[in-house]
Amino acid sequence: MNKKELTETDIRTKFITPAIVGANGDKWDMLTQLREEIYFTKGRVIVRGKTVKRGEAKKADYLLFYKPNLPIAVIEAKDNNQAVGAGMQQALEYAEILDVPFAYSSNGDAFLEHDRTAKNGIVTREIPLDQFPTPAELWARYCTAKGYSVEQQAITTQDYFDDGSGRMPRYYQLVAVNRSVDAIARGENRLLLVMATGTGKTYTAFQIIWRLWKSGAKKRILFLVDRNILADQTKTNDFKPFGQAMTKITNRTVDKSYEIYLSLYQAVTGTEEDSNIYKQFSPDFFDLIIVDECHRGSAAQDAAWHEVLSYFSSATQIGLTATPKETKEVSNIHYFGEPIYTYSLKQGIADGFLAPYKVVRIGLDKDLDGWRPEKGKLDKYGHEIEDREYNERDFDRNLILEKRAEVVAAKITAFLKATDRFAKTIVFCENIEHAERMRQALVNANADLAAANKRYIMRITGDNDEGKAQLDNFIDPESTFPVIATTSQLMSTGVDAQTCQLIVLDKRINSMTEFKQIIGRGTRINEDYNKFFFTIMDFKRATALFADPDFDGDPVGIYEPKPDDPPVPPDEPTSDEEENGAIIYTPPSITDSFGASEPPKKYYVDDVEVIVATERVQYLDEHGRLITESLKDYTRKTVRQAYTSLNAFLNAWNDAERKQVIVEELANHGVFLEELAEQVGRDYDAFDLVCHVAFDRPPLTRRERAENVKKRNVFAQYGGQTRAVLDALLDKFADGGVKSVESLDILKVDPLTAFGTPVEIVKLFGGKDKYLAAIHELETELYLEAA
């Protein structure tokens, strides 16, 4: 056997895998400790117009586990024509992402090892195939580097919870859990985990608690949240395995017989001393406290949870957040320390676990230019409007332009009609009153569906029991209604709306924390319901925060249509009006006993026109950067980066055994030729689309290319039947392009079936090699004009 002739797969099967498991199978267990060709990302979702495609997922050749969910080594394999260490750089990249201490490369002759725990001495070395380390050897080296005691090892090797379904945590969840357990085992008491919305913070917290609880390292645990729905979701979903050991603190009553406690901050604290029921527990009662969404107005030293954490200061404390809050007055990092792990929105989108998004920016004339009433102008209730310049800071707060809500509702409705009228939509408004007016405007704009089901549009705000009762239905992917929810604060955090496809921003947002939380309502992917991306419709230029260096996940696109264009893309601190049950509506006037009216707090104007002034769409490129260019411009730039000249592209196209490979490679870079054909013309082949858009060559249709080949009579040397097959293939090219010609499946459809089965047709040419040679000749002739 000549090793040099073996493929990488053969090298793995015949040399590397046997070396890992040992001659007698006594090293690494094939079933529990070794995963081969393991994909650990999903592949970024690429969106162009209406076309959605996944990019390439990251895949390790081997991932070795000391125990389930405790990865310890990654191995990259190469064929024997490459050096032993040819795969090391890739192995190190994966080892860093997966947070494993040992990286290996092999070509089947030996292993090159890189010890990431080594701080001095020998870091990298070559070892013979038969001397690959055992699990015990690698674990012992890792424990020595960490300085673990026997007790610490027992904690760090505690099993994860396994429900028997085969569910394995995602790689970043493993990193977050393992780093947290490792830090606590080593005696750290203040930890901060930063994980983007939609990445499973609660599930991650559950596994941390489970392992520490089962190992006996932590016996009584408090999980603090700030919304009742979060506590209920946690108890019935991720935390369900705790069963009878778990309770939720309700009605300000304390039962000290449980081990796992769920609570709202508000349920254990209050302004009166007797409301602070957490003091019914002794200061050392809890030995682990986890604060979910620890950014929520809460990092300040006088915040409710800050008091609780200070009281239980002897407990280990973990802060969970998607958006660490850092200002002069407020700091998570000051309290918890630097994050031990960060999994950002940008990384989640790049890995394909989170949905990318387009942005439709719509500027209304009054928002952009302001509005000043003519002298003596009265509002609809007869109050004289103060003479000054009003701008977007005033609109829907102290000045209501009623036709503005109608324009916004019309744009939302137009978008849904052009895409999907039953796509779950959240409309964020300035306050509760604005949310109610927006609900009314949307009902009028969608009178047909609102009449068919009163829950088609609902206001879901903190003061409205009917709306809050529908929140679970809005979240449930299987529940059709409500479809559109108007809100201001209630749905900005903790609402796991997996199928939300449109987020409308009609409120001013000056807080990066609030902005990230709102965006997080749409970032979940649900493949079962075909939800791969979402759209943000921005009326208040809130998406200008994308340009802030603190923002880590730019959109796939921003669209600013012209006033008459359709809203569908072509192919401040949070409001002080908290939704705590208070009614925000202010009467138009307040009359005292003498009949005099005080100046109104709000003016209501119903006779001022509002029109759309600007609209724009932007996309994310393959690097996650914001682009504001058309699909044609993007295609031109991307193709020219890959092929510096027309000749370079022609050479690559003509040299390719399969032209479809080039098409697929362009798609991986976000060049979707099907979407481009919608704009340029559906009769053009991929080749002509690229040459025309990227290099300004006049295109030929597929039919023109096929007819040109027939006119030249280039297949005269073939027999009658084989020539007829080639003529039929030319017709198929004219109908479907080069992809159909290159696939052997084309031989299974009419009219080619008239010549026999695929095997019989191939035999007409003298075998498969000669058939493929004829196809190659056909393609050469098709693209002859460009040679």
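Reply: Let us begin with the terms: helices here are DSSP runs of at least four residues, strands are runs of at least two, and both are numbered from the N terminus. Counted in this way, the chain has 28 helices and 27 strands. Please keep in mind that this is a predicted model.

Me: How many of the residues of the chain count as buried, and what makes a residue buried?
Reply: A residue is called buried when its relative accessible area is under 20%, and 55% of the 787 residues of the chain count as buried. The accessible surface of the chain comes to about 34,300 Å², and 47% of that surface belongs to carbon and sulfur atoms.

Me: Why is Asp394 called buried?
Reply: Its relative accessibility is 8%, and the cut-off for buried is under 20%, so Asp394 counts as buried. Asp394 is found in the loop between helix H12 (365-369) and strand E18 (399-401). If neighbours within four places in sequence are left aside, Asp394 is in contact with Arg388, Glu389 and Leu399.

Me: What makes strand E9 largely enclosed?
Reply: Strand E9 covers residues 190-195, and because five of its six residues are buried, E9 is described as largely enclosed by the rest of the structure.

Me: How do you know that E9 pairs with strands E14 and E15?
Reply: Two strands pair if DSSP finds at least two bridges between them. E9 and strand E14 (residues 316-321) are joined in the parallel sense over five bridges, and E9 and strand E15 (residues 341-343) in the parallel sense over three bridges, so both cases meet the requirement of at least two. As examples, the bridge partner of Leu192 in E14 is Gly319, and the bridge partner of Val194 in E15 is Thr342.

Me: Which sheet do these strands belong to, and why are some of its strands said to stand at the edges?
Reply: They belong to an open sheet of seven strands with parallel pairing, in the order E11-E12-E10-E13-E14-E9-E15. Strand E11 (246-248) and E15 each have a single partner strand, so one side of each is left without a neighbour in the sheet, and these two strands therefore stand at the edges. The twist of the sheet averages 15 degrees from one strand to the next. Within the sheet, strand E10 (residues 221-225) and strand E13 (residues 288-291) run parallel and are joined by four bridges, with Leu222 standing opposite Ile289 in E13.

Me: Which helices lie across the strands of this sheet?
Reply: Among them is helix H5 (residues 171-185), which lies across E9, E14 and E15 and runs at about 175 degrees to E9. Another is helix H6 (residues 201-214), which lies across E9, E10, strand E12 (260-264), E13 and E14, at about 170 degrees to E10.

Me: Why are helices H22 and H23 called roughly perpendicular?
Reply: Helix H22 (residues 673-680) and helix H23 (residues 686-695) pack at an angle of about 65 degrees, with their axes 10 Å apart. Angles of 65 to 115 degrees count as roughly perpendicular, and H22 and H23 are therefore placed in that class. Their crossing is left-handed. Among the residues that meet are Leu673 and Leu676 in H22, and Ala686 and Leu689 in H23.

Me: What makes H19 oblique to H22?
Reply: Helix H19 (residues 631-642) and H22 pack at an angle of about 130 degrees, with their axes 10 Å apart. Roughly perpendicular ends at 115 degrees and roughly antiparallel needs over 145, with the rest counted as oblique, so H19 is oblique to H22. The contact is made by Leu631, Lys632 and Thr635 of H19 and by Glu675, Leu676, Gln679 and Val680 of H22.

Me: How do you know that helix H18 is largely enclosed?
Reply: Helix H18 covers residues 512-519, and eight of its eight residues are buried, so H18 is described as largely enclosed by the rest of the structure. The buried residues of H18 pack against helix H11 (345-351) and several strands, including strand E16 (357-361) and strand E19 (424-429).

Terms used:
Residues are numbered from 1 along each chain as its sequence is written. This is a predicted model: local features need pLDDT of at least 70, side-chain atom pairs count only at pLDDT 80 or more; totals for chains, interfaces and linings use all residues. Side-chain values use heavy atoms; hydrogens and water are left out. Buried means under 20% relative accessible area, exposed over 50%, partly exposed in between (1.4 Å probe, protein chains only). Contact means heavy atoms within 4.5 Å. Accessible areas come from the Shrake-Rupley method with a 1.4 Å probe; for residues, only the protein chains shown count as cover. Axes are lines fitted to C-alpha atoms, for helices over the stretch in contact, and angles run from 0 to 180 degrees between N-to-C directions. Angles under 35 degrees count as roughly parallel, over 145 as roughly antiparallel, 65 to 115 as roughly perpendicular and the rest as oblique. A crossing is left-handed if the near helix is turned anticlockwise from the far one by less than a right angle, and right-handed if clockwise.
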